[in-house]
Amino acid sequence: MSLPVFIADLDAVLEGTFAALPEAGQAFTLTGPEGRHAVSVKRIAVGEKIALVDGRGGRAIAEVTATRGKDTLEARIVEREELPAPTPTVTVIQALPKSERSELAVDLLTQGGADRIVPWEASRCVAKWQGAKRGKGVQKWRQAAIAAAKQSRRPRLPEVTEPMRTAQVAAMLGEFDLVLILHEEAAAPIAQVPLDRAGSIAVIIGPEGGVSPEEVEQLTRAGATAVKLGPEVLRTASAGIVALAAIGVRTDRW
């Protein structure tokens, strides 16, 4: 069974600064929410080993030397490594799902290996992030990504950006080698799209009501290619992990 994973510096990850892990042989103290999770929830004991990640590919194995109170764990770093980023990188531009499926979508995208997740305020989205909901929505997605990354033993956390409108999404598409927009009326299946020369891929996923014709036109004009994921029409929350799996088996990501 794989070792339980904890984020070495959760505050740094939430701030986007990603503090480096200690070197092998050094002592380390895990405190705060991660320390509480290790000591009070997982009940990690002295002598056990845990995995520490920095959120950007750094991973260390640590042996627990002591626990104190309900939220402090002391350990010694046994080994440390830097894991390379997957190639090609995959950004998922995810239309906002309905509230009950919103965090599920992020959970599945994280499990599937998305490198970056962009909340998309598509025209047909039922969910609306307005006012204070924008900040809360992003925070919930980031927390969901952290929890899913730990559960799936990811050393590299996906970046969750600020929400974007369609014009903003269209403006960013030029940074990718390949952009795919999942569309049930597309003629070309994703299996026929050449992926071997793409170092960076973006996948655009529409809301429950589908991508509007105007948005399809705007995004394809900006460089996106409409593709069909399969014979079934998938829910917006599950389409992303299926697309990531299709890309994974056809590239060096898997």
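Modeller: In helix α3, the residues Arg101, Leu104, Ala105, Leu108, Leu109 and Gly112 meet Ala237, Ser238, Gly240, Ile241 and Leu244 of helix α7, where contact means heavy atoms within 4.5 Å. By type, the residues of this contact divide into 7 nonpolar, 3 polar and 1 charged; Ala, Val, Leu, Ile, Met, Phe, Trp, Tyr, Cys and Pro count as nonpolar, Asp, Glu, Lys and Arg as charged, and the others, Gly among them, as polar. This is a predicted model, in which local features need pLDDT of at least 70, side-chain atom pairs count only at pLDDT 80 or more, and totals for chains, interfaces and linings use all residues. Residues are numbered from 1 along each chain as its sequence is written, and side-chain values use heavy atoms, with hydrogens and water left out.

Two packed helices are described by the angle between their axes and the distance between the axes. The axes of α3 (residues 99-112) and α7 (residues 236-250) come within 8 Å and cross at roughly 5°. α3 is therefore roughly parallel to α7, a term for angles under 35 degrees.

Elsewhere, the largest nonpolar core has 49 residues; such a core is a set of buried Ala, Val, Leu, Ile, Met, Phe, Trp, Tyr and Cys residues joined through side-chain atoms within 4.5 Å, buried meaning under 20% relative accessible area (1.4 Å probe, protein chains only). Among the members touching the most others are Trp120, Leu173, Ile204 and Leu219. Leu219 touches Trp120, Leu173 and Ile204, among others. A second, separate core of 16 residues includes Ala8, Phe28, Ala60 and Ala62.

How values were computed: Buried < 20%, exposed > 50% of the residue type's maximum accessible area, 1.4 Å probe, protein only. Axes fitted to C-alpha atoms, helices over the stretch in contact; angles between N-to-C directions. Helix = DSSP H or I, 4+ residues; strand = E, 2+ residues; numbered from the N terminus. Parallel < 35°, antiparallel > 145°, perpendicular 65-115°, else oblique. Lists of a residue's contacts leave out its neighbours within four places in sequence.
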